[in-house]
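Visitor: I have not looked at this structure before. Please take me through a few of its features and tell me how each should be read.

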Amino acid sequence: MQLQHPIRLIPAALLLAAAPAAFAQSSVTIYGVVDVYTAYQKSTVGGKDTSLWAMGNNGQMTSRLGFKGVEDLGGGYAATFTLENGFAGDTGGLADSTRLFDRQSWVGIKTPAAGEFRVGRQNSVPFFIGGAIDYTERTTYGSIINTFGVPSRFDNDLSWKSPRWAGFQFDIHYAMPETAGEGLGRRGVYQFGLDYTNGPYRAGYAGLVAKPNAGG
């Protein structure tokens with residue numbers, strides 16, 4: 001009977017030893033930016049000077065709070081997610097009062113050979129690679145991306161990002177319109193990205209095509 005105790009303890013000890021390894025590749029990261037500034041404004045209208053001290057939000061970057069995570073599923077597979085909202089640092093109000101996570105809200109799965117698949121509200125391909133073509137990294141009102149007026153993100157977005165093969169990486173998106181009476185593929189937003197890197201050299205393409213709603 002005395003031998004039953006060590007026999008029972010061995011599986012428990014193995015589970016405890018394996019626990020740190022099981023969670024070693026899993027993590028949740030909280031990140032964000034709070035951009036608040038104080039400004040003095042003065043103007044003259046009809047010969048009368050008017051001045052104002054005011055606190056503003058998003059001077060260079062958009063204030064945001066985000067949560068992103070990776071859960072190791074084993075065998076090279078991993079579940080991923082990102083939830084990110086924008087807010088006013090000076091008041092605490094949401095950037096979009098109709099959405100809790102207006103900037104990003106998606107879940108995905110990474111595979112060992114086929115890349116990553118995501119579903120949900122995601123950044124657009126031109127927005128995602130903006131740092132490669134915009135010296136401001138999209139952080140100022142004078143940025144190239146802002147000047148172009150490229151939509152930053154889309155709802156109901158299905159995406160696939162390939163692994164990097166011989167320096168090439170593909171990024172394909174289709175944002176479903178979810179409009180009654182419209183079949184899959186007839187409407188929506190199509191995006192395609194191609195990124196090539198070779199040492200210090202980089203080249204790529206980002207395209208976006210949207211089919212307007214009927215009568216739009």
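Visitor: Where is Ala166 placed?

Guide: Ala166 sits in the loop between E8 and E9. The model is a predicted one. E8 and E9 form a hairpin, and six residues lie between the two strands.

Visitor: What is the phi of Ala166?

Guide: Most residues other than glycine have a negative phi. Ala166 is not a glycine, yet its phi is positive, near 50°.

Visitor: Is Ala166 buried or exposed?

Guide: Ala166 has a relative accessible area of 71%, and exposed means over 50%, so Ala166 is exposed.

Visitor: And Gly167, is that buried or exposed?

Guide: Gly167 is also placed in the loop between E8 and E9. Buried means under 20% relative accessible area, and Gly167 has 14%, so Gly167 is buried.

Visitor: Which residues does Gly167 touch?

Guide: Leaving aside residues up to four places away in sequence, Gly167 touches Asp195, Tyr196 and Thr197. The C-alpha atoms of Gly167 and Asn198 are 6.1 Å apart, although 31 residues separate the two along the chain.

Visitor: How many bridges join E6 and E7?

Guide: Seven, in the antiparallel sense, with E7 covering residues 115–123. Across this pairing, Lys110 stands opposite Glu116 in E7. E7 also pairs with E8 over seven bridges, again antiparallel, and there Glu116 stands opposite Lys161 in E8.

Visitor: How many bridges are there between E8 and E9?

Guide: Five, and this pairing is antiparallel too. Leu158 stands opposite Tyr174 in E9.

Visitor: What about the aromatic side chains? How many aromatic pairs does the structure hold?

Guide: The structure holds seven aromatic pairs. One of them joins Trp165 and Phe170: the ring centres are 6.5 Å apart and the planes stand at 50°, which lies between the 30 degrees for stacked and the 60 for edge-to-face, so the pair is tilted. Trp165 is partly exposed at 41% relative accessible area, and Phe170 is partly exposed at 27%.

Visitor: What other partner does Phe170 have, and how are the planes set?

Guide: Phe170 also pairs with Phe192, at 6.4 Å centre to centre and 40° between the planes, another tilted case. Phe170 lies in strand E9 (residues 168–175) and Phe192 in strand E10 (residues 188–198), so the pair ties together parts that are 22 residues apart in sequence. Phe192 is partly exposed, with 33% relative accessibility.

Visitor: Which residues form the aromatic cluster?

Guide: Trp160, Trp165, Phe170, Phe192 and Tyr205 form one aromatic cluster.

Visitor: Which charged residues lie over the face of a ring?

Guide: Among them are Lys68 and Arg118. Lys68 lies over the face of Tyr31, 5.3 Å from the ring centre. Arg118 lies over the face of Trp106, and its distance from the ring centre is 3.9 Å.

Visitor: What is the average confidence of the prediction?

Guide: The protein averages a pLDDT of 80, and 75% of the residues score at least 70. Over residues 1–24 the pLDDT is below 50, and this stretch has zero contacts in the model beyond near neighbours in sequence. Where pLDDT is low, the predicted coordinates should not be read in detail.

Visitor: Which elements have the lowest and the highest mean pLDDT?

Guide: Helix H1 (residues 4–23) has the lowest, at 38, and strand E6 (residues 104–111) has the highest, at 97.

Definitions and conventions. Residues are numbered from 1 along each chain as its sequence is written. Side-chain values use heavy atoms; hydrogens and water are left out. pLDDT is the predictor's confidence in each residue, from 0 to 100. Helices (H or I, at least four residues) and strands (E, at least two) are DSSP runs, numbered from the N terminus. Contact means heavy atoms within 4.5 Å. Rings of Phe, Tyr and Trp (its six-membered ring) pair if their centres lie within 6.5 Å; planes under 30 degrees apart count as stacked, over 60 as edge-to-face and the rest as tilted. Buried means under 20% relative accessible area, exposed over 50%, partly exposed in between (1.4 Å probe, protein chains only). A charge sits over a ring if NZ of Lys or CZ of Arg is within 6 Å of the ring centre and within 35 degrees of the ring normal. Two strands pair if DSSP finds at least two bridges between them.
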